[in-house]
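Open the model in your viewer and keep the selection tool at hand. Here is a short tour, stop by stop.

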There are 2 protein chains.
Amino acid sequence: MPTVLLVVTLCGALSIAYAIWATQSVLSADQGSPRMREIAGAIREGAQAYLARQYTTIALVGIVVFAATWALLSSHAAVGFLIGAVLSGIAGFIGMNVSVRANVRTAQAASRSLGLGLGIAFKSGAITGMLVAGLALLGVAGYFWVLTGSLGFAPGDRTVIDALVSLGFGASLISIFARLGGGIFTKGADVGGDLVGKVEAGIPEDDPRNPATIADNVGDNVGDCAGMAADLFETYAVTVVATMVLGAIFFAGQAVVPTVMTYPLAICGACIVTSIIGTFFVRLGANGSIMGALYKGLWATTLLSVVGLAAATWATVGFGDIGQAASGITVNGLNLFVCGIIGLAVTGLIVWITEYYTGIGFRPVRSISQASVTGHGTNVIQGLAVSLESTALPTIVIVGGIISTYSLAGLYGTGIAVTAMLGVAGMIVALDAFGPVTDNAGGIAEMAGLPSDVRRSTDALDAVGNTTKAVTKGYAIGSAGLGALVLFAAYNYDLQYFVAEAEAGRGYAYFQGVQPDFALTNPYVVVGLLLGGLIPFLFGGMAMTAVGRAGGAVVEEVRRQFREDPGIMAGTSRPNYARAVDLLTRAAIKEMIVPSLLPVLAPIVVYFAVLLIAGKSEAFSAVGAMLLGVIVTGLFVAISMTSGGGAWDNAKKSFEDGFVDVHGVRHLKGSEAHKASVTGDTVGDPYKDTAGPAVNPAIKITNIVALLLLAVLAHG
Amino acid sequence: MPTVLLVVTLCGALSIAYAIWATQSVLSADQGSPRMREIAGAIREGAQAYLARQYTTIALVGIVVFAATWALLSSHAAVGFLIGAVLSGIAGFIGMNVSVRANVRTAQAASRSLGLGLGIAFKSGAITGMLVAGLALLGVAGYFWVLTGSLGFAPGDRTVIDALVSLGFGASLISIFARLGGGIFTKGADVGGDLVGKVEAGIPEDDPRNPATIADNVGDNVGDCAGMAADLFETYAVTVVATMVLGAIFFAGQAVVPTVMTYPLAICGACIVTSIIGTFFVRLGANGSIMGALYKGLWATTLLSVVGLAAATWATVGFGDIGQAASGITVNGLNLFVCGIIGLAVTGLIVWITEYYTGIGFRPVRSISQASVTGHGTNVIQGLAVSLESTALPTIVIVGGIISTYSLAGLYGTGIAVTAMLGVAGMIVALDAFGPVTDNAGGIAEMAGLPSDVRRSTDALDAVGNTTKAVTKGYAIGSAGLGALVLFAAYNYDLQYFVAEAEAGRGYAYFQGVQPDFALTNPYVVVGLLLGGLIPFLFGGMAMTAVGRAGGAVVEEVRRQFREDPGIMAGTSRPNYARAVDLLTRAAIKEMIVPSLLPVLAPIVVYFAVLLIAGKSEAFSAVGAMLLGVIVTGLFVAISMTSGGGAWDNAKKSFEDGFVDVHGVRHLKGSEAHKASVTGDTVGDPYKDTAGPAVNPAIKITNIVALLLLAVLAHG
């Protein structure tokens with residue numbers, strides 16, 4: 001398999017090369033007027049200052065965890081943790097640094113044409129996308145290569161598995177902090193800024209008189225860019241690792257282990273290439289549809305990925321019989337190839353469903369716009385209704401994915417489907433990361449007083465960005481739903497392995513006599529499901545509280561500045577932007593710690609609590625059930641929050657061109673209906689950009705910690 | 001056991017006697033001025049007209065189901081269905097009819113003293129409470145007696161079990177329609193009326209100029225009284241039936257079966273007596289605390305119920321060893337008694353937690369009030385945060401209940417705990433049903449122009465009613481959470497029984513070769529969990545949409561009346577109240593059908609879909625997992641909605657006496673902060689009174705339908 005690993009590594013390197021090339025291309029673009037550069041400079045400084053503090057704080061936690069991993073597991077695991085954490089941090093750091101430079105260039109380019117603006121913004125997004133996919137793949141494949149090559153471990157060796165799981169853990173830990181911290185910052189700024197600016201003072205979004213406006217733009221970069229990048233890096237790394245681990249366990253003791261562990265890497269390598277090719281298909285057509293331009297890239301990537309999948313299958317497992325899995329199913333390569341295609345199809349369906357629920361022009365968003373006509377209350381009620389309803393179709397798609405892939409090739413088939421789904425992450429992240437750039441470009445255009453048609457171009461880009469942002473979140477959580485079985489299976493098989501070895505007297509004495517019972521008839525399974533199910537709710541509540549608190553602090557700061565210096569509203573004196581940025585930085589860092597630790601500590605606490613009350617077998621059963629419980633509710637909580645929030649946002653946007661209600665009355669910006677829609681948008685902000693997306697890493701980290709807990713208990 | 005059944009029946013009859021006595025006592029009170037009678041008459045007419053239409057519609061569905069039950073199962077099952085449905089209807093019908101007569105008498109009594117007002121309102125609530133518990137107990141115990149007595153079936157016979165489950169199904173079917181229809185009516189009126197009245201026109205709640213004001217008061221009676229009564233009737237009946245069925249299966253083939261089936265009935269009989277005694281403890285103390293007065297009754301009931309439990313245990317199973325359950329655990333009476341006490345403790349803890357999350361003066365409500373100071377958006381965000389967070393402690397209490405009762409006496413012990421919990425339902429419903437009476441009394445006082453101190457008394461009663469309403473909902477859903485295991489176990493053991501009989505060649509040929517696998521490692525179990533988990537979300541979304549739509553229609557109707565007749569706002573002409581009532585009646589009946597059918601049809605559709613794709617074993621596994629899935633998410637959805645909604649409502653109320661924020665600023669009624677709190681209250685309305693509480697019958701009905709599906713397949 002070294003040849004395949006070499007090719008995979010080259011694919012990863014290719015994505016880095018693409019990122020370097022694209023960065024140079026973005027940086028060479030015109031930065032516009034001195035005023036624009038000045039504004040962009042303020043945003044850049046704020047974003048860099050925030051990220052520096054965030055990483056410093058995470059590093060403190062990280063060092064403790066690194067030392068603990070080293071002590072409790074092994075140096076290889078600790079190094080894995082470090083690789084995952086550092087590469088995730090690098091992806092977010094570089095992505096954000098490009099983003100804060102691309103914003104002003106996008107604004108300037110948009111003043112020349114929509115197509116040019118789209119070009120720069122998308123290229124900036126693609127840099128983040130390719131870095132996320134490329135670095136994650138390089139990390140996993142490279143470390144796997146080192147471990148099995150120069151260090152000489154067998155691919156299915158526990159040390160290798162533990163090291164890879166630790167790599168996933170490193171990525172997860174960064175991710176949950178970055179998603180939550182960034183989310184609290186960005187939505188604290190957004191909510192606070194909107195409430196005083198739009199609602200109280202009646203000034204438009206991004207008005208330079210609003211002291212929170214720079215903070216709002218900083219937030220787009222640290223939350224929607226860096227936070228999202230860390231999230232997807234984690235999703236990618238954890239999925240690939242889980243599928244590899246599953247392959248190792250599933251075919252344990254067979255010669256095919258190295259191949260089935262390399263296969264997911266090969267799929268990812270192939271899909272990186274197709275994603276890079278796909279970026280060149282993003283081009284504004286004659287009809288001027290931005291969504292159409294982005295879709296061209298996405299569909300090109302998806303179709304080419306079918307070819308890529310075939311190549312990856314051919315180069316590794318082949319299309320014939322591979323071997324018999326532990327469960328007795330004979331797996332063949334053709335079926336795995338079909339599983340991969342199912343993964344791509346699930347991606348496509350989730351993109352389509354998310355667009356339906358969040359896009360302007362479809363029933364859900366129209367129903368929210370219509371409800372705004374009768375007031376704030378009905379707007380929020382209808383938004384919540386849409387948010388709850390939007391969970392149905394994705395769930396059915398995921399259920400379909402589970403059933404079809406499982407019948408084709410067992411759990412490993414499901415793992416391959418999720419891997420293929422995540423394979424195209426480079427492209428999906430590109431679609432998402434382009435959003436904050438256009439959002440910033442709009443802000444810069446407004447603040448620098450560029451002609452209104454520039455703002456119109458950036459607004460058009462931004463509206464599409466709302467939908468693509470919801471798409472990525474639906475995609476990430478959808479992959480978690482489909483991957484639920486894989487992660488739970490990894491836990492289950494790990495546990496079985498340790499118990500079997502212990503019974504055979506081959507070490508792992510801790511597991512002697514353990515008889516985990518995962519049947520729903522076991523009350524500890526129900527207890528685990530309920531406690532796992534609680535995590536997304538409690539976590540979501542904490543995240544919402546944090547945003548509310550941060551937003552409230554911004555409101556008070558802005559009100560204070562307006563009160564103490566009437567020149568601000570008159571436009572004669574400049575507000576103190578830095579104070580709002582600084583306030584939010586401190587608030588976000590402080591607020592992210594406790595909720596982030598909830599999913600990290602939950603499996604450990606539940607394990608030891610049940611152990612104390614009932615015993616080892618019950619404790620392992622409860623923790624296992626917890627892993628599924630957190631997915632069962634997490635899936636719904638995350639989808640409802642992200643789709644509902646996106647729908648609220650676009651319902652608000654629908655008033656900008658005038659919304660025509662069922663009685664044919666046209667409601668414009670500034671109307672009562674528009675004001676009601678702003679309330680919904682404000683509520684949707686932390687839903688879609690803080691609590692909802694952070695549920696995804698919360699699910700993963702609970703699973704990863706449970707796997708590590710097994711490893712530590714086995715080691716101790 | 002006939003003696004015990006006789007005593008139980010007498011206890012049931014006692015509650016009916018109490019209801020007759022209390023009704024006479026309420027009706028003999030003074031009805032106040034002609035204007036008050038006129039208003040009360042309009043409310044009464046509207047409520048009766050609505051209920052007549054609702055029951056007619058349900059009857060149409062009911063006749064079809066009755067015929068289907070007869071054809072597919074047996075005449076005994078069909079009669080059971082009829083008993084459950086009719087008695088549930090009667091409890092709601094009488095309760096509501098007392099409620100619409102007690103409202104005006106409460107207003108009149110409150111004009112003399114707070115204590116007298118409380119007395120009439122609580123007595124009216126107690127009538128509904130005792131009818132719910134008494135009729136449910138009489139129905140279950142009476143039918144069980146007839147079946148095992150004059151019809152001569154063995155207590156554990158399938159015919160008896162099917163007939164009792166069908167009785168539960170009858171109650172469930174009424175319940176889901178009544179909860180949803182009543183909830184849509186009441187909250188459509190409330191949301192619509194508030195939006196135009198309070199927010200747009202700036203007139204107070206219950207102002208006679210608001211055309212929706214009579215509809216709002218009608219809604220309190222049809223939703224919060226009749227709908228709630230049907231819900232608790234169902235919870236009571238289903239829990240008792242499920243525990244009896246579990247007893248029959250758990251000790252199958254042992255002589256102790258009749259005893260363990262009678263024990264739950266004896267507990268309920270004893271607790272009805274203690275509930276009746278408890279009502280006499282409700283009396284306003286020297287400190288004038290209304291909540292204190294109600295708590296005196298609740299604590300008296302709870303403490304006396306410990307004695308009642310002991311008596312019931314002594315009279316049936318005794319305190320020694322009872323026998324060995326199917327699972328091998330030896331069950332003894334003392335442990336069952338302790339399980340009952342745990343059930344009462346869970347009730348107490350849930351009451352306490354709910355009061356913390358929804359009561360004025362505690363952190364959660366204060367945090368929402370504080371968030372209102374910074375605007376509509378932060379109010380809603382903080383309310384959602386509280387709503388998500390409020391699920392944590394009840395879940396931990398339920399988990400504690402499951403673990404402790406299961407370790408004491410296995411699943412039957414858990415069943416006994418839930419039975420004891422539901423035993424005191426008469427008292428809990430009394431606390432709840434007093435709410436709509438005081439709410440109405442306030443409305444009548446306002447509309448009839450009574451002195452403002454009367455309104456102050458009724459407002460004080462109403463604020464407490466908000467919390468007690470939330471308490472009942474938390475209690476109902478909490479019992480469902482704890483009862484989850486019991487209902488799932490009934491399904492599992494039923495299935496095992498049919499399979500075993502089929503394997504032994506004793507009929508039930510359909511089940512031959514079925515091997516259900518409820519392990520979480522089975523992907524069909526994960527599929528079932530996800531599809532079950534979807535139900536509360538989709539159902540909640542549909543319910544919210546329905547309220548939004550009904551509320552929007554009311555807004556337009558009220559706006560139209562204001563526009564077409566300016567005399568209404570001037571106070572010179574009277575609005576057309578009947579139109580709003582009529583509009584809502586049609587809307588509620590129309591909107592309740594489709595969502596109600598979702599949980600009814602879901603298990604059937606999932607069974608046949610999975611059967612088609614995979615096979616019988618997989619289909620039974622998926623449906624079984626679905627039953628737990630619907631509880632795992634339903635528990636969180638229901639608690640978050642009902643507690644969150646209650647908190648929003650009381651946050652709004654906190655401004656009525658002036659809310660002092662963290663900076664020491666006092667915000668009064670009419671302030672911007674108060675307006676923001678009204679938006680939250682509006683959002684919370686359908687959360688707490690439509691979608692949230694309807695999740696409870698939705699959970700039960702999914703479980704009951706699954707049990708019936710097994711019975712039908714076994715019969716066919």
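Start between the chains. Across the interface of chain B and chain A, six residue pairs are in polar contact, with both partners at pLDDT 80 or more. This is a predicted model. Now look for salt bridges between chain B and chain A: the count is zero.

Next, select the side of chain B that touches chain A. Which elements of chain B give two or more residues to it? Pick out α5 (158–201), α11 (376–389), α12 (392–423), α14 (452–503), α15 (523–564), α18 (616–654) and α19 (672–715) of chain B. Colour α15(B) on its own. That helix supplies the largest share of this side, 21 residues. Then colour the side by residue class. You get 44 nonpolar, 22 polar and three charged residues on the side of chain B that touches chain A.

The contact draws 68 residues from chain A and 69 residues from chain B. About 6,200 Å² is buried between the two chains. Carbon and sulfur atoms give 83% of that area.

Move on to a charged pair. Select Arg35(B) and Glu38(B). Their side chains meet in a salt bridge, 3.5 Å from N to O. Both residues lie in helix α2 (residues 34–72) of chain B. They sit three residues apart, about one turn of the helix. Side chains of opposite charge can pair when their charged atoms come close. Over all chains, the structure holds 57 salt bridges.

Then go to a backbone stop. Select Tyr508(A), in the loop between α14 (452–503) and α15 (523–564) of chain A. What is the phi of Tyr508(A)? The value is near 50°, positive in a residue other than glycine. Most residues other than glycine have a negative phi. Jump to the other chain and select Tyr508(B). This residue lies in the loop between α14 and α15 of chain B. Tyr508(B) also has a positive phi, about 50°, although it is not a glycine.

Last, colour by confidence. Chain A averages a pLDDT of 91, and 100% of its residues score at least 70. Where in chain A is confidence lowest, and where is it highest? Go to strand β1 (residues 321–324) of chain A for the lowest, at a mean of 83. Helix α7 (residues 257–279) of chain A has the highest, at 95. For the whole model, the scores are ipTM 0.93 and pTM 0.94.

Terms used
Residues are numbered from 1 along each chain as its sequence is written. Chains are lettered from A and ligands numbered from 1 in the order in which they are written. Side-chain values use heavy atoms; hydrogens and water are left out. Contact means heavy atoms within 4.5 Å. Buried area is the accessible area (1.4 Å probe) that two parts lose on being put together, summed over both. A salt bridge is a side-chain nitrogen of Lys or Arg within 4 Å of a carboxyl oxygen of Asp or Glu. A polar contact is a pair of N or O atoms within 3.5 Å; within protein, one must be able to donate a hydrogen and the other to accept it, and residues adjacent in sequence count only if both atoms are side-chain atoms. Helices (H or I, at least four residues) and strands (E, at least two) are DSSP runs, numbered from the N terminus. Ala, Val, Leu, Ile, Met, Phe, Trp, Tyr, Cys and Pro count as nonpolar, Asp, Glu, Lys and Arg as charged, and the others, Gly among them, as polar. pLDDT is the predictor's confidence in each residue, from 0 to 100.
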